[in-house]
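Biologist: Before I use these labels in my own notes, I would like to go through them one at a time and hear which cut-off stands behind each.

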Amino acid sequence: MKKSDVLVMATFAGAIAMGAAGSVPAYAGENEKCAGIVKAGKNDCATATNSCAGSATKDGQKDAWVYVPKGTCAKIVGGIVLEKK
């Protein structure tokens, strides 16, 4: 197999994997909100200091959160599980 064929197949496999990952819905029953672990600009929703998703101004912002699989947040250093209202 040629090196260029391997590169093309790897590119297609990566594109398919990225598409599948982006199509998974976030069901509230299977995920939880985890604050304190977000990188700047990568939060899932508004915070107390920002008006929309993707607007966290610093890494590890305590009020910026992302959805993670249930039970995962408590295992992440700095992770704070936000309770459902």
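**Labels and their cut-offs**

Biologist: Why is Lys39 called exposed?

Modeller: Lys39 has a relative accessibility of 53%, and exposed means over 50% relative accessible area, whereas buried means under 20% and partly exposed lies in between (1.4 Å probe, protein chains only). The value for Lys39 is therefore on the exposed side of that cut-off. Please keep in mind that this is a predicted model, in which local features need pLDDT of at least 70 and side-chain atom pairs count only at pLDDT 80 or more, while totals for chains, interfaces and linings use all residues. Residues are numbered from 1 along each chain as its sequence is written, and side-chain values use heavy atoms, with hydrogens and water left out.

Biologist: What makes the pair of Lys39 and Asp59 a salt bridge?

Modeller: The closest N and O atoms of Lys39 and Asp59 are 3.9 Å apart, and the rule asks for a side-chain nitrogen of Lys or Arg within 4 Å of a carboxyl oxygen of Asp or Glu, so the pair meets the rule. Both Lys39 and Asp59 lie in the loop between S1 and S2, so the pair ties together parts that are 20 residues apart in sequence. Asp59, at 48% relative accessibility, counts as partly exposed. The structure holds one salt bridge.

Biologist: How do you know that Cys34 and Cys73 are joined by a disulfide?

Modeller: The S to S distance between Cys34 and Cys73 is 2.0 Å, and a disulfide is defined as a pair of cysteine sulfur atoms within 2.5 Å, so this pair qualifies. The angle about the S-S bond is 70 degrees, and the link of Cys34 and Cys73 is right-handed. The strands named here are DSSP runs (E, at least two residues; helices are H or I, at least four), numbered from the N terminus. A search of the whole structure finds one disulfide.

Biologist: Why are Trp65 and Tyr67 called edge-to-face?

Modeller: By the rule used, the count comes to one aromatic pair. The rings of Trp65 and Tyr67 have centres 5.0 Å apart and planes at 80 degrees, so the pair is edge-to-face. The rule pairs rings of Phe, Tyr and Trp (its six-membered ring) if their centres lie within 6.5 Å, and planes under 30 degrees apart count as stacked, over 60 as edge-to-face and the rest as tilted. Trp65, at 8% relative accessibility, counts as buried, whereas Tyr67, at 36%, is partly exposed.

Biologist: Which residues is Ala64 in contact with, leaving aside its neighbours within four places in sequence?

Modeller: Contact means heavy atoms within 4.5 Å, and the partners of Ala64 beyond those neighbours include Cys34, Val38, Thr47 and Ala56.
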